[in-house]
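Hi,

Here is the structure I promised to pass on. Have a look at it first, and my notes follow below.

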Amino acid sequence: RIPIYVASLGPKNVAMTAEVADGWLPIFYLPEKAAAVWGDDLAAGAAGRADDLGPLEVVAGGAVCIGSPETAKAVRDFAR
C-alpha cells in the first residue's frame, strides 16, 4: 500500500483530505491556529474516515535560510 498525502487548501479539499488521505500537507500552517481555521473542515472529513486509515498525519514545513544576518532578515521580511 502506498500512502497518499494531499496538499489541499480549500475547505472542501481539506475535508476530502481528512476523509480519504493518509496525510495532509498544508501551507501557511500554524498549529496554534489550526483548530480555528481548519477545525470544522477536518472534523467533517474525519466523520467519514475509514477506521483502517488511522489518524490523519499533518506534515507542515517551513522556510530555512542559511546565511548572514542581513540575508536572514531579508528572507524573514519576504516571508511576512
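In helix 1 (residues 11–20), V14, A15, T17 and A18 are buried, where buried means under 20% relative accessible area, exposed over 50% and partly exposed in between, with a 1.4 Å probe and protein chains only. Seen down the axis, these buried residues fall within an arc of 160°, so they line one face of the helix; the arc is that of the directions from the helix axis to the C-beta atoms. They pack against strand 1 (5–6), strand 2 (23–24) and helix 2 (34–47), with contact meaning heavy atoms within 4.5 Å. Helices (H or I, at least four residues) and strands (E, at least two) are DSSP runs, numbered from the N terminus.

Before going on, please note that this is a predicted model: local features need pLDDT of at least 70, side-chain atom pairs count only at pLDDT 80 or more, and totals for chains, interfaces and linings use all residues. Residues are numbered from 1 along each chain as its sequence is written, and side-chain values use heavy atoms, leaving out hydrogens and water.

Next, the loop between helix 1 and strand 2 holds D22. D22 is buried, at a relative accessible area of 10%. A polar atom of its side chain lies 2.7 Å from the backbone nitrogen of I4. Not counting residues up to four places away in sequence, D22 touches several residues, among them R1, Y5, R49 and E57.

Now the sheet: it is open, with 3 strands in the order 1-2-3 and parallel pairing. Strand 1 and strand 3 (57–58) stand at the edges with a single partner strand each, so one side of each is left without a neighbour in the sheet. Strands count as paired if DSSP finds at least two bridges between them; strand 2 and strand 3 have 2 bridges, in the parallel sense. W24 stands opposite V58 in strand 3.

Rings of Phe, Tyr and Trp (its six-membered ring) pair if their centres lie within 6.5 Å, with planes under 30 degrees apart counted as stacked, over 60 as edge-to-face and the rest as tilted. That rule gives 2 aromatic pairs. The rings of W24 and Y29 have centres 5.8 Å apart and planes at 90°, so this pair is edge-to-face. For W24 and W38 the centres are 5.7 Å apart and the planes at 80°, so that pair is edge-to-face. W24 lies in strand 2 and W38 in helix 2, so the pair ties together parts 14 residues apart in sequence. W24 is buried at 0% relative accessibility, W38 is buried at 12%, and Y29 is partly exposed at 24%. W24, Y29 and W38 form one aromatic cluster.

Best wishes

Technical notes:
Polar contact = N/O pair within 3.5 Å; in protein donor to acceptor, adjacent residues only side chain to side chain.
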